[in-house]
Amino acid sequence: MADHTPLTIGTKVTVSGKRKGVIKYIGSTSFGPGEWCGVELDKPKGNHDGGVDGQRYFTCKAQHGVYVPTDEVQPLKPWQSAVRVIQSLVRGSRDRQVSQHRKAFMTWNALDLDEEAQHHEQAATQDRVEALLRASHPSVAQLPNEISAVTLAEACGVPTDPMLWGEDMEVESDYEGPHLTFPMTQVQADDLLHHIRSNPDLPLHKKYTAQLLGRCTQLLIDQKMGAVCDAECPPNGKMVIFGDTHGQLADFLLVLQRHGPPSDKVAYLLNGDVADRGDNSVEIFVVVLIYKLLYPNRVFLNRGNHENHDINRKPAEYGGGFYDEVTYKLDGSCFLMFQQFFENLPLVTVLNKQVVVLHGGIPRREGVLLKQITAINRRRQCPKVVQSVEDAILFDLMWADPQDIKGIGLAAQRGPNCRKFGPDITKRFLSDNSLSLCIRSHEVPISLRGFEERHDGRLLTVFSASNYCGQAGNYGAIVVFDSDMAYTLEEHMAPDLDTMIADYLAEQEAQGPRETHTNKEAARARMQKNSSIKESRERMEEEAMTKLEVKICQNKDDLWWYFKNIDKANTGKVTAAKWREGMSAVLKLDVPWFSLQKQLADPDAAGNVDYRNFLDRMRNKGMVEGLKNTNNGWEKQMVVKLYEAILRADFTLKETLAEFDPDGDGVVSPWEFKQALQKCNVDVPEQQIVTLMRLIDRGDGKLDVGSFLDRFQVVYSTAADEGAANVGSQTSGRVRNLLADVGRNLLKRKSRIQVFQDMDTNGDGFISEDEFYSMLDRLQLNGVAQNDKQDMWSYVDVNGDGHLNYLEFCAAFQVVDTMDDGQGGAVSEIVECIVTALQKNMSSLEFAFRFFDQRGAGQVSTQDFKAGLRALNASIRDGGGRSGPLSEDQLNVLVQFVDKDGDGNVDYEEFLSAFKPHATRFEGRGMSRTRS
């Protein structure tokens, strides 16, 4: 119904039902016949300030004025205002959610890239580890640890002829999945695709998977192609190009459902990174393999950086997971077959001589041509360290990223070997090779779209795994070319795999009966795994915070040093701005620290951060959970060995005071403590020294000498228990009780320094056995016999040298540190320091153990285990970094405790698993749909 409310000056109106404003003029104008309204809009969406072509009927702010015929103006109703308010609130809420999600993704993505950077940093450590082990164990070094997949396979007994793969494997009578015969037929391919669509939890038997791998590997060898593959779009058909899928079967099946499986008219190109992270890389590969055999010129696959042995061996939580998936579903020999298949894949595919498709980016080598890329040796693992032009080309094709500035730059967020290439590099590469477009993958666009166009439209990034890792909330995309080489971009958000399976089975049931291999137990488990995108995003935020805490723990002491240098007044606080600056400088992460500071650092009302409290609260939760699966007791022994290393310096009291307070001002600073220990040449890793400094630095940055030594004793209070080894286990409890009684009597009225000086009657700075007995006699304790005195002496003389230095005395007669809040105790802090260092170097440590275990049994002797730890220690020192994570004594303790059954062997895979996040990926016979 028409609105007849009269229009007057000042009436609030809507213009054309969209823009809101107030009438400032009503009447005739020079613009046209009839009555016009001059409206001042609420927002700068107008054309002028009231003046047009020299005519002015009212005045308003610039870009707020508009003139329209009266019939285009309607009075604003109250309900319209309410609707607009609601719409504004909804938009605001949605915008805030999008903003928060993007910030969370930035953090998650930065940490994901940081894991890749650590992978590259570990490569140099692994090279040093290998060199040390080869030099010290020449008999073991006869077999290369990691040169090519073929070499590794030969060492493990896998046939060198791919056509023999799987021939010696037997299919068990209770196997319920599909069976294959060769040569491949269309019916078999369709049946296998049906099986994977209906029940991916029941893997194809390892025999058939091995045979598929062998025949496809032989096909690639027979084609005699180099690193560059030429492909043609089917006449009157289409070519579908995938970006990364990373084991996300739902995305892969969704695209096949929309475009149909490979055929004469439908070709597919997968641009690498099928492996790792997701749960169903094997199933995607099986579909690709079977259709590759059936349509060799319609199915193509480039190699990505995740089609590589060392990354596949990493757990899914650290960017890998393919090894775990293959060995669970198939076996270790199939994993080595996959590696040989990967090494035969091309690095580049050229479509219709116009479009180049590669996984990472354009090589740093100036003027590189396709014919040069074709000639490189690709049948090897991706180089860990770039040492030649060929290394650089191979590496960059799988790892490089684009940048907006010209030239070649460092991709520091991915690692020291990684490079970025600018728009000029893209333009020159395409021009030099007579190409029009470069398609690459390798990363989720920061916009969370499935694609991103850059470099003046010459470079297209496509990423196909939607809601990446079940957390990112991004879209996936594919590129579809027709036979005229026109292309379209198709985005998607794949439903969860369970929904796709249920929909597919319902569709099949409506079409009629068909044999379906089921796994009821896995199907029941699947129904409990469904989750919304919102829940996925929450998991992303949770995982990002967990990983960020681990990163902080790995750099806790460096952060303390940074803040300590800023905090000249020793307040224990820095401004929030300096906190953000320190976090960025030390951690080298491009994350929104301003958004994270409240959650992590909790600034006070004045905008300051208590950095001591912040660092004390940071805990490596994954490490804490993992250590619950190890034998108890080793943690305290680690601290004991640290204390004993300092005891062996064997200072007199005067020397102790002089070393720890060299300027004689009566107080000890953390720097004086560090210098004293280093001057003593004690076998204490530098990281543990810094951790001790941080523990001692709980007040204003300085302690009087007596309080410092008391605190020092508390840090190592458990060392006194080591003295129990010098007396019988039956008497140790009684001895500790006697010493506690002695300590209470000694320390009633005097400090320990005064008591020590009183006991040291000859003034040599030590307490002899006779001086100890004289002290006990003066106390006149009831019921203490001579043998009790001897037992007490044996207990307190920890290093058995016949006298007590001051630190041994401190350990024997302990006091309670009232400043220890129980949250940052010495044992937990020192152990966290050790374990975090091992966790950071876990891939190098695993590399060292696999040097001795080249057949993949998962076990090494205790001597080889120790040799691996020693090689890691030495390699970190040789790399110009700090000392290794363990002292020799601590290393011996660790070896003693990991040999649980005392048979001289160590299950190193179980040991390493203690330092990994403890998410269960495999449940029943099925695999979990989420990452925890």
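A: Contact here means heavy atoms within 4.5 Å. Helices (H or I, at least four residues) and strands (E, at least two) are DSSP runs, numbered from the N terminus. The model is a predicted one, in which local features need pLDDT of at least 70 and side-chain atom pairs count only at pLDDT 80 or more, whereas totals for chains, interfaces and linings use all residues. Residues are numbered from 1 along each chain as its sequence is written, and side-chain values use heavy atoms, with hydrogens and water left out.

The part requested is the meeting of helix 28 (residues 769-779) with helix 29 (residues 786-796).

Helix 6 (residues 281-294) lies across strand 10 and strand 11, and runs at about 130° to strand 11. These strands belong to an open sheet of five strands in the order 11-10-9-20-21, with mixed pairing. Two strands pair if DSSP finds at least two bridges between them. The edges are strand 11 (299-302) and strand 21 (487-492), each of which pairs on one side only. On average, neighbouring strands of this sheet are turned by 20° against each other, direction ignored. Strand 10 (residues 266-271) and strand 11 run parallel and are joined by four bridges; Leu270 stands opposite Leu301 in strand 11.

Charged pairs come next. The structure holds 27 salt bridges, a salt bridge being a side-chain nitrogen of Lys or Arg within 4 Å of a carboxyl oxygen of Asp or Glu. One of them joins Asp114 to Lys551, with the closest N and O atoms 3.0 Å apart. This pair links distant parts of the chain, since Asp114 is in helix 1 (residues 78-136) and Lys551 is in helix 15 (residues 533-554), 437 residues apart. Both Asp114 and Lys551 are buried; buried means under 20% relative accessible area, exposed over 50%, and partly exposed in between (1.4 Å probe, protein chains only).

Because they are four residues apart in helix 1, about one helical turn separates them. Arg134 is partly exposed at 25% relative accessibility, whereas Glu130 is buried at 16%.

A further salt bridge connects Asp401 with Arg440 at 2.9 Å, N to O. Asp401 lies in strand 14 (residues 401-402) and Arg440 in strand 17 (residues 437-440), so the pair ties together parts that are 39 residues apart in sequence. Asp401 and Arg440 are both buried. They belong to a network of salt bridges that also includes Glu116, Arg414 and Glu443.

Several individual residues complete the account. Trp593 is in helix 18 (residues 593-600) and counts as buried, at 6% relative accessibility. Not counting residues up to four places away in sequence, Trp593 touches Leu548, Trp579, Arg580, Met583, Ser584, Leu587 and Leu600. The C-alpha atoms of Trp593 and Arg580 are separated by 5.8 Å, although the two residues are 13 apart along the chain.

The peptide bond from Phe182 to Pro183 is cis, with omega near 5°, and Pro183 is in the loop between helix 2 (149-155) and helix 3 (186-198). Asn236, not a glycine, has a positive phi of about 55°; it is in the loop between strand 8 (228-231) and strand 9 (238-242) and is exposed at 70% relative accessible area. Lys353 has a positive phi near 60°, is in the loop between strand 12 (348-351) and strand 13 (355-358), and is exposed at 59% relative accessibility.

Definitions and conventions. Axes are lines fitted to C-alpha atoms, for helices over the stretch in contact, and angles run from 0 to 180 degrees between N-to-C directions.
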